Amino acid sequence: ATPTALLVGTGRGSQLGILIRGPQVLEQTRQVDTIVLDKTGTITQGAMTVTTVSAAPGVTDDELLRIAAGAEWGSEHPVARAIASAHGGAAPVAESFASHAGFGVQAVLEGSLVVAGRPEWVQDQWSVHLPIRFRGEAEVLEAAGGTVIAVARDGDFLGIVAVSDTVKPTSADAIARFRALGLRPVLLTGDNAGAAEHIAGLVGIDEVRAGVTPAGKLDAIRQLQSSGRVVAMVGDGVNDAAALAAADLGIAMGGGTDAAIAASDVTIASGDLLVVADAIRLSRRTLGTIK
Ligand code: ADP
Ligand code: MG
């Protein structure tokens, strides 16, 4: 391949908002046969809204939201933004804060340790007892496509908050384009199986891996590669960075986190999956004319 022709390809790419790290990237693109997609912020808008607030006995829904909003204040996750806007008012200021990518957050608020995140994580990692009634409620919400966050303070369960997200308008068309380009789509998410299957059904993906930790996302890419697949990964989060770096072709969504963009070969400025399909088609055509 002549460098000049490859650069023409990357120049056209930039007109479409396809930012390519270097001309060698186009060569990687041509080989790809599998496209792994993150859910939140990649297939979906990543603009979540709170659908259900369900506080434990002795706690009001408002108090639950207030505590959750305080704990989530330092997080950039869509879950955190959803909780902040549902709460609206002033939240307690955290004395300390730590975010656990793919799981949730912990913060010290008003002298108490508050954790908010995946129900299993809150239960297993923080030894919080989740009453059976709430586990049942969480299962129902998840089966309907919701993401459930459990909240606890000093080891006591305070309740659950469910959020949901909508699919980007072009995602289903883009999945169909990937198939037409001979790519096998795989949905890979840290979210629960119910929410994952719900979104996969809406966009036409039949291969789903849910409840996957950030380290698990990396393993999933390596597994596909060792079975002989050449893998593109599309993602936007801190939790996707290791997988994006390991993929044969890492593609970051423009609105995503700096970590995802830094780990990727290509950034799609608009965050539109149809443009990802354009990028793959463009690189194949560009290389076709060079040969
Ligand atoms: P995805 O792979 O869909 O982008 P993540 O890996 O970011 O999802 O998150 C996986 C799960 O971890 C979320 O569905 C949520 O349950 C939980 N989680 C992640 N970040 C937070 C947070 N800031 N607050 C509460 N829960 C969180
Ligand atoms: Mg994401």
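The entries below concern a predicted model.

**Entry 1: domains.** I began with the domain assignment of the protein chain, which gives domain 1 (3–45 + 167–290) and domain 2 (49–164). I then looked up the separation of their centres, taken over C-alpha atoms, and noted 30 Å. For the contact between the two, I recorded 14 residues from domain 1 and nine residues from domain 2.

**Entry 2: the domain 1 side of the contact.** I asked which helices supply at least two residues each to the side of domain 1 that touches domain 2. By class, I noted four nonpolar, nine polar and one charged residues on the side of domain 1 that touches domain 2.

**Entry 3: ligand 1.** I next turned to the shell of 22 residues around ligand 1, of which Thr40, His77, Gly102, Gly190 and Asp191 come nearest. The elements that give two or more residues to this shell are helix 3 (39–43), helix 5 (78–87), strand 5 (104–109), strand 6 (112–117) and strand 7 (147–153). I recorded its composition as six nonpolar, 11 polar and five charged residues.

**Entry 4: helix 4 and helix 5.** Finally, I examined how helix 4 (residues 61–72) packs with helix 5, and noted an angle of about 135° with the axes 9 Å apart. That angle makes helix 4 oblique to helix 5. I recorded the crossing of helix 4 past helix 5 as left-handed. In the contact, Leu65, Arg66, Ala68, Ala69 and Glu72 of helix 4 meet Ala80, Ile83, Ala84, Ala86 and His87 of helix 5. I classed the residues of this contact as seven nonpolar, one polar and two charged.

Terms used. Residues numbered from 1 in each chain as written. Chains lettered and ligands numbered in written order. Predicted model: local features only at pLDDT ≥ 70, side-chain atom pairs only at ≥ 80, totals over all residues. Near = placed C-beta within 6 Å. Helix = DSSP H or I, 4+ residues; strand = E, 2+ residues; numbered from the N terminus. Nonpolar A, V, L, I, M, F, W, Y, C, P; charged D, E, K, R; others polar. Domains from an automatic or database assignment. Contact = placed C-beta atoms within 7 Å. Axes fitted to C-alpha atoms, helices over the stretch in contact; angles between N-to-C directions. Parallel < 35°, antiparallel > 145°, perpendicular 65-115°, else oblique. Left-handed = near helix turned anticlockwise from the far one by under 90°.
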